[in-house]
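Thanks for coming. I will go through one structure this morning and keep to side-chain geometry and helix packing.

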Amino acid sequence: MTTRPVLPLRLLLALRLWWKDDVIELGREWRWSFLPPLMVYLAAGISGLTGIAGTFFVKEYLDLSAAFLAALGFWAGIPWALKMPLGHLVDLFWHRKAFFVWLGAALIAASMLIMIGLTSQRDAMAALWPVSYWYVLSVLLAPLGYVLQDVVADAMTVEAVPTRDENGEPLPEAQVKLMHTTLQTLGRIAILGGGVLVSIANVLVFSGSEALSIEEKAPLYARIYELALLIPLVSVSGVMLASLLRRLERRRHARLGLDPVLWPEFGTEAPAPNWPLLWGSLIFVVFTLSMGLLDFPGNQEVIFVGSLAVILFLMRRLMGELSPNARRTLAGTALVIFVFRATPTAGPGLTWWMIDELAFDQSFLAKLSLIGSVLTLAGLFIFRRFMAERSILDIVVILSVIGALLSLPYLGMYHGLHEWTSQMTNGVVDARFIAIVNTAVESPLGQVSMVPMLAWIAHSAPQHLKATFFAVMASFTNLALSASELGTKYLNTLFVVTREVRAPDGTILVPADYSQLGMLLTAVIAIGLIAPLATVYHVRRSVRLQAQ
């Protein structure tokens, strides 16, 4: 008797079990009340639509350095560090939550309209204000809109999960918990699905663009930003649908004669204002804006340190609610996550080099984005068990090592790796082939790092302070991204990378210089590997010493 069919049969059974437990179960837990917050999350996923158009617009039309763009990224990340006070305001005025979504939609629409003007009526816009000023304003408006909508969507997920059945009887706690898990998973799928739609749109719009001149590409950029006006439309449609579903539910309850007391709306009783939080947030906002307007050397660092001090103070107060052992675990895990997310990137210089030296045009970058989005969505299912069974520290170690390895092909191509592989394979393994393979392997890792972090935050929170704890920890981890932008700025100041900038008459204003890109990539790889691993080693060693 042969045993050959055993392995394929086991594989088939494992795939069947995975499909049943991880995919079909999501559909069984579906509720129509899930749809409104998912629409807001979908809008967040579509927000990446302008990424490629924005990159090429900056490269071809604006004389902005890589260090300046990294600093601008720092400012654009500040609203996400303010998610906690904004979330508290949304809680205080929950019955006016639609206003926050509409306000966010207006800010996003204003950002897109500015870019439509810059890409279609650039001279008219320049006559009113310098083009670079318009661009900076657009970049700063969008995240304000997105963070307002994000805090509302997070709270709407609580409202969307029913706690009673159709007869008014309380649902089992296990079922309610499962529906919360399902909704959060669907939320990630909505965001990633929006990214897939974005990638498809970019592929279609930029198809054949490699043969166009810079002037002929401008209408394509304008078309992308016009499509991006769908983002605020989708999000406001979500809150309008939520209002409609609530009215229909109330009518159904009235027809069934159910006691209205059994169906209180989420947030009927507004929480008491946390005045120290609100006043401190107001002072912080005024302080942040003042530092930015004064524009003195080191203002970004001052703002970062001030933000970090406030959040660490709040974290310390929340840790008082935990046991000593849980407090140590929380502090160590938070430190590891912060360092992992705070590692710097190469910045826009790497993309400029790929465009100029490797001839990666809009169409190819759009296809890379599509590949990445699809595989990231698949990775949410493929690595679900891996994320559940591994600790945060183990995941950080694995992702740091893999991230460093996946950065090596770009460093290799900078030194001519693609030329050698192309010669050895008769042109098959060229720069584009390497980029596609690298993107295919690297893309799912983003969600592998995000999902366990969110699950850890939710799991660690004290029951009576869950919302506040989640907001504080989310602000802390988002602030790590601002630290990453600062690190990126420092590296781009130390290793200067410039792309070619031409005047309207064709005169070269700034020559392209990628001579220091290799050192920049080496530094990024080294920091991205050593810093997280050293932090994990320190945390584990501290835990062992305390246990002795």
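First, the ground rules. This is a predicted model, where local features need pLDDT of at least 70 and side-chain atom pairs count only at pLDDT 80 or more, while totals for chains, interfaces and linings use all residues. Residues are numbered from 1 along each chain as its sequence is written, and side-chain values use heavy atoms, with hydrogens and water left out.

Start with the helix pair. Helices here are DSSP runs of H or I with at least four residues, numbered from the N terminus. Helix 3, residues 51–61, packs against helix 15, residues 348–356, at an angle of about 80°, and their axes are 11 Å apart. The axes are lines fitted to C-alpha atoms over the stretch in contact, with angles from 0 to 180 degrees between N-to-C directions. Helix 3 is therefore roughly perpendicular to helix 15, a label that covers 65 to 115 degrees.

Which residues of helix 3 and helix 15 meet? On the helix 3 side they are Thr55, Phe56 and Lys59, and on the helix 15 side Thr351, Trp352, Ile355 and Asp356, where contact means heavy atoms within 4.5 Å. Trp352 also has the charged end of arginine 499 over its ring, 4.4 Å from the centre. That label requires CZ of Arg or NZ of Lys within 6 Å of the ring centre and within 35 degrees of the ring normal. Arginine 432 likewise lies over the face of phenylalanine 364, at 4.5 Å from the ring centre.

Now the rings. Rings of Phe, Tyr and Trp (its six-membered ring) pair if their centres lie within 6.5 Å, and planes over 60 degrees apart count as edge-to-face. The count by this rule is 7 aromatic pairs. One of them, phenylalanine 99 with phenylalanine 100, has centres 5.7 Å apart and planes at 70°, so the pair is edge-to-face. Phenylalanine 99 is exposed at 53% relative accessibility, whereas phenylalanine 100 is buried at 10%; buried means under 20% relative accessible area and exposed over 50%, with a 1.4 Å probe and protein chains only.

Trp129, Tyr133 and Trp134 are linked into a cluster by ring pairs. Tryptophan 134 is buried at 17%, and its C-alpha atom is 9.5 Å from that of glycine 117. Glycine 117, in helix 6, is itself buried at 11%.

Last, aspartate 150 in helix 8. Aspartate 150 is buried at 16%, and beyond its neighbours within four places in sequence it contacts Tyr41, Trp80 and Lys83.

Technical notes:
Helices (H or I, at least four residues) and strands (E, at least two) are DSSP runs, numbered from the N terminus. Angles under 35 degrees count as roughly parallel, over 145 as roughly antiparallel, 65 to 115 as roughly perpendicular and the rest as oblique. Rings of Phe, Tyr and Trp (its six-membered ring) pair if their centres lie within 6.5 Å; planes under 30 degrees apart count as stacked, over 60 as edge-to-face and the rest as tilted.
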